[in-house]
Each structure stands twice: as structure tokens, then as C-alpha cells.
Amino acid sequence: MSIERVRGYLKKWNIENRILEFDGSSATVELAAKALNCEPGHIAKSLSFKVENGCILIVTAGNAKIDNGKYKQTFGTKAKMLGADEVEALIGHAVGGVCPFGVNEGVEIYLDESLRRFEAVYPACGSSNSAIKLTIGELEEYVPYTKWVDVCKGWE
């Protein structure tokens with residue numbers, strides 16, 4: 001189960017006990033924001049894309065949308081999201097629980113600038129009813145990200 005994979009991953013920092021689990025679904029930004037009683041922007045959504053040599057994960061604010069022009073300028077290719085049937089096999093987590101923790105080997109992770117305006121954000125933890133509250137500093141510490149990117153719009 002993917003949440004157990006995330007628990008094991010976060011155990012390295014002794015923060016696995018900070019994972020929140022909900023009775024209802026938190027599989028979408030709206031459901032997660034409702035479960036956490038926060039604004040949608042505070043949800044750190046993880047979006048998966050195909051690239052030439054595999055796939056990448058971009059963690060963005062919940063109220064941000066991918067800007068195709070910025071994406072192409074940054075990654076040199078058109079933004080093409082993975083199909084729902086590909087996500088679990090390629091990323092390591094199923095749709096609704098995709099997160100930047102404990103992903104499959106070779107998946108590069110990027111953090112989007114849309115997150116920086118918040119003191120804390122809530123990424124999922126591998127299941128459709130989980131999340132963890134992290135400061136931006138903690139996000140940088142616990143996520144094996146490649147770099148910060150600016151590929152979103154609609155949040156400014």
C-alpha cells in the first residue's frame with residue numbers, strides 16, 4: 001500500500017507520525033481543502049507528466065494551473081500529463097494519493113514557485129485520504145527535488 005511506502009520514507013526524519021488520515025476522501029484539491037479546513041492554494045498537488053526519458057512530478061499550489069508556454073520553455077517539450085492508468089506504475093502512487101515522497105526510482109521532482117507564498121502546505125501521503133502539513137523549508141528538506149521551477153499560472 002502506497003501510504004505505508006510513504007510512512008517508511010518519512011521515518012528517516014521521524015515525522016511519519018505527522019501523517020493525517022481522514023474518514024472521507026482527500027483525493028482532489030477541493031476535497032483535501034475541505035478535510036483540512038484550509039484554502040485550496042495550501043494543498044500541494046503533485047502533477048505527473050511524460051517527458052522524453054520518462055516522467056516527472058511537479059508539486060504546485062492547489063489553485064495553480066500549468067502554463068503550457070512556461071512548461072515548454074522550462075522542459076523543452078509540450079506538457080503531456082500521464083494517463084490515470086499509467087500514474088501508479090510510473091510514479092509509484094495511485095491518482096488521488098500522488099505525492100513527492102517515496103516515488104519510483106528515476107522520477108524527477110520539481111517544486112513550483114506557486115508554493116513559496118505559503119508558510120505551510122499539505123501534500124498527500126500516498127493514499128486518497130491522507131496529507132501532511134509541512135513548512136516550505138520542510139518540503140525542501142524531505143522532498144528529493146531537482147529544483148524550483150515557474151511553470152504555473154492563475155495563482156498570482
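I looked up E16 and found that E16 forms a salt bridge with K11, their closest N and O atoms being 3.9 Å apart; a salt bridge here is a side-chain nitrogen of Lys or Arg within 4 Å of a carboxyl oxygen of Asp or Glu. E16 is buried at 16% relative accessibility, whereas K11 is exposed at 54% (buried means under 20% relative accessible area, exposed over 50%, partly exposed in between, with a 1.4 Å probe and protein chains only).

I noted that this is a predicted model, in which local features need pLDDT of at least 70 and side-chain atom pairs count only at pLDDT 80 or more, while totals for chains, interfaces and linings use all residues. Residues are numbered from 1 along each chain as its sequence is written, and side-chain values use heavy atoms, with hydrogens and water left out.

I then turned to K70, whose side chain meets that of D150 in a salt bridge of 3.2 Å, N to O. This pair links distant parts of the chain, with K70 in helix 3 and D150 in the loop between strand 9 (147-149) and strand 10 (152-153), 80 residues apart (helices, H or I of at least four residues, and strands, E of at least two, are DSSP runs numbered from the N terminus).

Which residues does D67 touch, leaving aside its neighbours within four places in sequence? I found V151, C152 and K153 in contact with D67, contact meaning heavy atoms within 4.5 Å. I also saw that D67 is buried yet has no salt bridge, the nearest side chain of opposite charge, K70, being 4.9 Å away (Lys and Arg count as positive, Asp and Glu as negative; His and the chain ends are not counted).
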